[in-house]
Amino acid sequence: MFTLAHLSDPHLAPLPAPHWSELLNKRVTGYINWQRQRRLIHDAGVLKNIVADLNAQKPDHIACIGDLTNIALPDEFVRGRVWLESLGSPQHVSLVPGNHDAYVRGGLEYAAREWGAYMKGDDGGSFPYLRRRGPLALIGLSTAVPTALGLATGRLGAKQLAALADMLAALKRERLFRVVLIHHPPVSAARWYKLLLDAAALLHVIAEHGADLLLHGHDHLAMLNWLEGPHGTRVPAVGVPSASAAPGMAKNAAGYNLYAIDGAPGAWRCEMILRGITPNGDVAEQKRMMLAG
Ligand SMILES: [Fe+2]
Ligand SMILES: [Fe+2]
């Protein structure tokens, strides 16, 4: 059996003190937003407990689905690297970036510099990258693009979508359990300014080529949507709460998922286990369900 862990949106706190010159752009509203509201939600102590519990489960691999930063300050990327190292080595942890990591132009360059080893394929390739781990093929996509003030949208673009289609088709022939990692959900009830702009095109690729599991973050909610796959199959698209959300301060308190994957091509078994923070700060199992098998 192979165990994959899925956590997202740590939004590492506290925010480093910005230099005034670093706030002469979209960051200024993000900074005000952080001081007013978000700093009360994203709690470093909660995240520490979540990571300690996750590491104690000894998963075979960890998928981290983006939004490590808040307003993409250079220091946030350095802290992000230290935090990633607390999860494990780049060999053990696969990362995709979120919209906050591309909050301003230049964010993705910082991300590449500090986190690059966690965001590349076995062949060194970039998005979509491909990593093979046990029976799994992990495909990492980037929806992180700098956007105008007030927008938290994401975009894959035609090039990534075409490469994703080719990868899914080839990996099906290899009979691997195909896991797609993407920050923005393909299906979401969020407002228009938070959505994945080319979600319809992504759903089309999944409907044509299938996948075994799609992991996302971004909405900070425990979510499960069934996507249409080829020949009447269904693909589970799963979202997790923010890994740092303090209990009582957000719709969903912090949590992460484990997937116990077993079986063989055509007869995969995949059990999902949600572990989350409780009001007393402990982390406990909250839900368990079969996604396949
Ligand atoms: Fe987020
Ligand atoms: Fe996000």
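## Iron site

Four protein donors hold the iron ion (ligand 1): Asp9 (OD), His11 (NE2), Asp67 (OD) and His220 (NE2), at 2.1 to 2.3 Å. Donors are N, O and S atoms within 2.8 Å of the metal (3.2 Å for Na, K and Ca); water is not among the atoms, so sites may look incomplete. This is a predicted model: local features need pLDDT of at least 70, side-chain atom pairs count only at pLDDT 80 or more, and totals for chains, interfaces and linings use all residues. Residues are numbered from 1 along each chain as its sequence is written, chains are lettered from A and ligands numbered from 1 in the order written, and side-chain values use heavy atoms, without hydrogens and water.

The angles among the four donor atoms run from 85 to 170°, and the site is irregular. The donor spacing in sequence is D-x1-H-x55-D-x152-H. Asp67 also bridges to the iron ion (ligand 2); the two ions lie 3.4 Å apart.

## Around His11

His11 sits in the loop between strand E1 (2-7) and helix H1 (27-41). Helices (H or I, at least four residues) and strands (E, at least two) are DSSP runs, numbered from the N terminus. His11 is buried, with a relative accessible area of 0%. Asp9 is buried too, also at 0%. Buried means under 20% relative accessible area (1.4 Å probe, protein chains only).

Beyond four places in sequence, His11 touches residues including Trp34, Arg38, Asp67, His100 and His220. Contact means heavy atoms within 4.5 Å.

## The six-stranded sheet

Six strands form an open, mixed sheet in the order E4-E5-E6-E7-E9-E8. Strands E4 (129-133) and E8 (223-228) are at the edges with a single partner strand each, so one side of each has no neighbour in the sheet. Two strands pair if DSSP finds at least two bridges between them. E4 and E5 (residues 136-140) pair antiparallel over five bridges. Arg132 has Ala137 of E5 as its bridge partner.

## Helices H2 and H3

Helix H2 (residues 44-56) packs with helix H3 (residues 74-87) at about 30°, axes 10 Å apart. Axes are lines fitted to C-alpha atoms, for helices over the stretch in contact; angles run from 0 to 180 degrees between N-to-C directions. H2 contributes Leu47, Val51 and Asn55; H3 contributes Trp83, Ser86 and Leu87.

Terms used
Four donors count as tetrahedral if all angles lie between 85 and 135 degrees; four count as square planar and six as octahedral if opposite donors are over 155 degrees apart and all others between 65 and 115; anything else is irregular. Buried means under 20% relative accessible area, exposed over 50%, partly exposed in between (1.4 Å probe, protein chains only).
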